Amino acid sequence: MAGGGWCCPPMDLMRSEAMQLVQLIIPVEAAHRTLSYVGDLGLLQFKDLNADKSPFQRTYANQIKRCGEMARKLRFFRDQMSKAGILSSAIPVLDRINFDDLEVKVDELEAELIEVNANSEKLLRTYNELLEYKLVLQKTGEFFYSAQSDAAAQQREVEAQSIGDASIDSPLLVEQEISTDPSKQIKLGFISGLVPKEKSLPFERILFRATRGNVFLRQALVDDPVTDPVSGEKCLKNVFVVFYSGERAKTKILKICEAFGANRYPFTEDVGKQRQMIEEVHGRISELKTTIDIGLMHRDNLLKSISHQYESWNLLVRKEKSVYHTLNMLSLDVSKKCLVAEGWSPKFASTQIQDVLHQATLDSNSQVESIFQVLHTREQPPTYFRINKFSSAFQEIVDAYGVAKYQEANPAVFTIITFPFLFAVMFGDWGHGLCLLLATMYFIIREKKLSSQKLGDITEMTFGGRYVIMMMALFSIYTGLVYNEFFSVPFELFGKSAYACRDSSCRDASTSGLVKVRSTYPFGVDPVWHGSRSELPFLNSLKMKMSILIGVAQMNLGILLSYFNGKFFSNSLNIWYQFIPQLIFLNSLFGYLSLLIIVKWCTGSKSDLYHVMIYMFLSPTDDLGENQLFPGQKTLQLVLLLLALVSVPWMLFPKPFLMKREHEARHQGQSYALLHSSETDSAEIEADHGGHGHGHEEFEFSEVFVHQLIHTIEFVLGAVSNTASYLRLWALSLAHSELSSVFYEKVLLLAWGYNNIIILFIGGIVFICATIGVLLVMETLSAFLHALRLHWVEFQNKFYEGDGYKFAPFSFSTLDEED
């Protein structure tokens, strides 16, 4: 739907493309190829002719299931490549593989990859078990060696003591213990293994309680994290040895080990066998490491071969699924030899669609040609604008309010200029505008690279609106030059100021001591007017009055577009009893106020426009005195006031009575009227439907009158409130200027005044952060939202209904968006 060019002709956006409802009759043998070619074309939106059937009852449900299964396998490949750190090829290049052949190939690759993973997992688990067993052998061997050394030393000490201290008074217990028969001594059993470090204390506590203290536990911390064979996660573990007596204690210890996830490994007291086991474990670890490396290399090679064609396979599967999904929307003929399709297409695409149908018939070797015919219908067609990368963001701003009806005037044409301009009125500072432009140019220069990457939500939104932000920045530079503000600082860019001090006591903070010494400043606001302390500073007065002028001009444009749009003009009643009185009412009041502002600027009059407008209503016949700006002003005000008062009943009363008279005449056979598709308002649609579809149905005059009353009150009150709403342009511009001035004077200049490099550096950092965070981010967002509101509420409600629906053709180019 987006064109390749940078700009669109205005009329391409002003009205949506002319649409037509078409019917296709496609032979079954050519259906798949035809839909594939139509998907490449992307100019036909199919209607679902099987809406009454569930997805499982449709013709191509099994094919969609196959595509879904292949998509699952491809996701499995993608996850495996992601784990292995292998990237798929960025450019999908379709090879000439058949879909059926691809299905077989994907099945084989999946089975092979699953087998490789299963073998790798088994080998890796065995490898990790051997590593743990190696640690157990080392640490437990140290336990036994230490215990045997202590026992031997203790034995030698006892023997030496018994020989040296032998007497008749020596106790006989030691001698009895020494001479005890070894066969009668109690044999202790032991269990060795590893337990996670965080579970070691509870493990020890439970062992003690379960055996009532009849165990002896030794633990040693392993320095490096150990990969658990079961979970595959690395964690710190303790090697433990539990000595016990009796089978009952052994059973309890084994259950506790299972409960705490402690891995148990066998150990022997024989030193020779210990050495033999360590050597065997070392050998098996070396063999397994080699085997695992070979398996991983094979898996990586397999995944690399998949990665080269993954994108093309994925695209092929998504295309096939979308084709079969669309085929399920077609109606199968009773003879089951052809499929019937209905859908919307632009009128300019008729030749292209017919060419595609003919080419598909030739390529599929079908004996029967597909049939293309246009259907006549009263249905409202979808809305299709040919947009490009520049106009698409502005169109999205309008579509967020509502999609234009078919052939309705598109506000996006005006939004391209008015939206960034209204933003710039509030954001006017050419220094901030340059910062905004530089940030935007980064996205524009790198758009090819960034468009192929996945960005964050905020970055994606900013990138999508890069051309809107560019226009906002350019207009902000222009209005900033008009305001003569660069980070709130005025510059004499276009020449010297036209004013100078009258004497040495004059200050630039007050205009009372200034005299005009040269010609008027050529462009924008004179620098000397910044910082004026008069009752109403010139720049603020300029911004306030300019806001009113902009608002009245844009509201007049909205009313004029209502005529162009055909929103009110199903017949001449709306022209004479809505369009004309609306223009008269708005311009009799606020159009006249705009005229007074311009006249005051041109003449330099000191008259008070507030008093002029107030006494225009309160005392219209009184003399204007010093508030008179031009001759005949009093007479003009009386005429405009009279027109404003007359326009309200003019909008309210005549139309319902005339509609009733037309209704009665239509039923008496005196006149006839055509039904207008989508152009009449709700009251007229009801009247027309009643006249044509239900014979002598009564005309509900009360409903029509109330409907007209609501529209009249809405317009009268809206004209006042909407004009006042445009003053936000002045308010936000003032807020932006004052915030910028505060940051400049109270941060940067204050830091500069200390004449200290550290304070100046800190002040500069604070100024930059405040400028970026508050003025370039928060103020940009604020001005953007207010400009959005002015377009949606104050401008578009005058002419735009926005109750249509987008043209959504079957197109392969939108597969990524659908995913």
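Does Thr326 count as buried or exposed, and at what relative accessibility?

Tutor: Happy to. First, a word on what you are looking at. This is a predicted model, in which local features need pLDDT of at least 70 and side-chain atom pairs count only at pLDDT 80 or more, while totals for chains, interfaces and linings use all residues. Residues are numbered from 1 along each chain as its sequence is written, and side-chain values use heavy atoms, with hydrogens and water left out.

Now to your residue. Thr326 has a relative accessibility of 4%, so it counts as buried (buried means under 20% relative accessible area, exposed over 50%, and partly exposed in between, with a 1.4 Å probe and protein chains only). Thr326 belongs to helix H8, which covers residues 271–327 (helices are DSSP runs of H or I with at least four residues, strands are runs of E with at least two, and both are numbered from the N terminus). Setting aside neighbours within four places in sequence, Thr326 is in contact with Leu35, Phe46 and Phe810 (contact means heavy atoms within 4.5 Å).

The C-alpha atom of Ser286 lies 9.2 Å from that of Tyr127, although 159 residues separate the two along the chain.

Let's step back to the whole chain. It has 25 helices and 15 strands, and 44% of its 819 residues count as buried. Among contacts with a separation of 6 or more, 80% join residues 24 or more positions apart.

The largest nonpolar core has 81 residues, and Tyr592, Leu596 and Leu729 have the most contacts inside it (a nonpolar core is a set of buried Ala, Val, Leu, Ile, Met, Phe, Trp, Tyr and Cys residues joined through side-chain atoms within 4.5 Å). Helix H11 gives the most to this core, with eleven residues. A second, separate core has 51 residues, including Trp344, Ala349, Leu357 and Phe807. As for Leu729, leaving out residues up to four places away in sequence, it touches Leu422, Val425, Met426, Ser547, Ile550 and Leu790.

That brings us to how H11 packs. The axes of H11 (residues 412–427) and H24 (residues 757–795) come within 9 Å and cross at roughly 130° (axes are lines fitted to C-alpha atoms, for helices over the stretch in contact, and angles run from 0 to 180 degrees between N-to-C directions). The two helices are therefore oblique to each other (under 35 degrees is roughly parallel, over 145 roughly antiparallel, 65 to 115 roughly perpendicular, and the rest oblique).

Helix H16 (residues 538–565) packs with helix H22 (residues 701–725) at an angle of about 145°, with the axes 10 Å apart. This crossing is right-handed too. Val552, Met555 and Ile559 of H16 make the contact with Phe715, Ala719, Asn722 and Thr723 of H22, which gives five nonpolar, two polar and no charged residues.

Next, look at Tyr401 in helix H10 (residues 391–401). Tyr401 is partly exposed, at 33% relative accessible area. Not counting residues up to four places away in sequence, Tyr401 touches Trp792, Gln796, Asn797 and Tyr800.

Finally, two loop residues have backbone angles to check. Ser488 has a positive phi of about 75° although it is not a glycine, and it sits in the loop between helix H15 (466–483) and strand S14 (499–501). Asn755 also has a positive phi, near 55°, in the loop between helix H23 (728–753) and H24. Ser488 counts as buried at 13% relative accessibility, whereas Asn755 counts as exposed at 73%.

Notes:
Left-handed = near helix turned anticlockwise from the far one by under 90°. Nonpolar A, V, L, I, M, F, W, Y, C, P; charged D, E, K, R; others polar.
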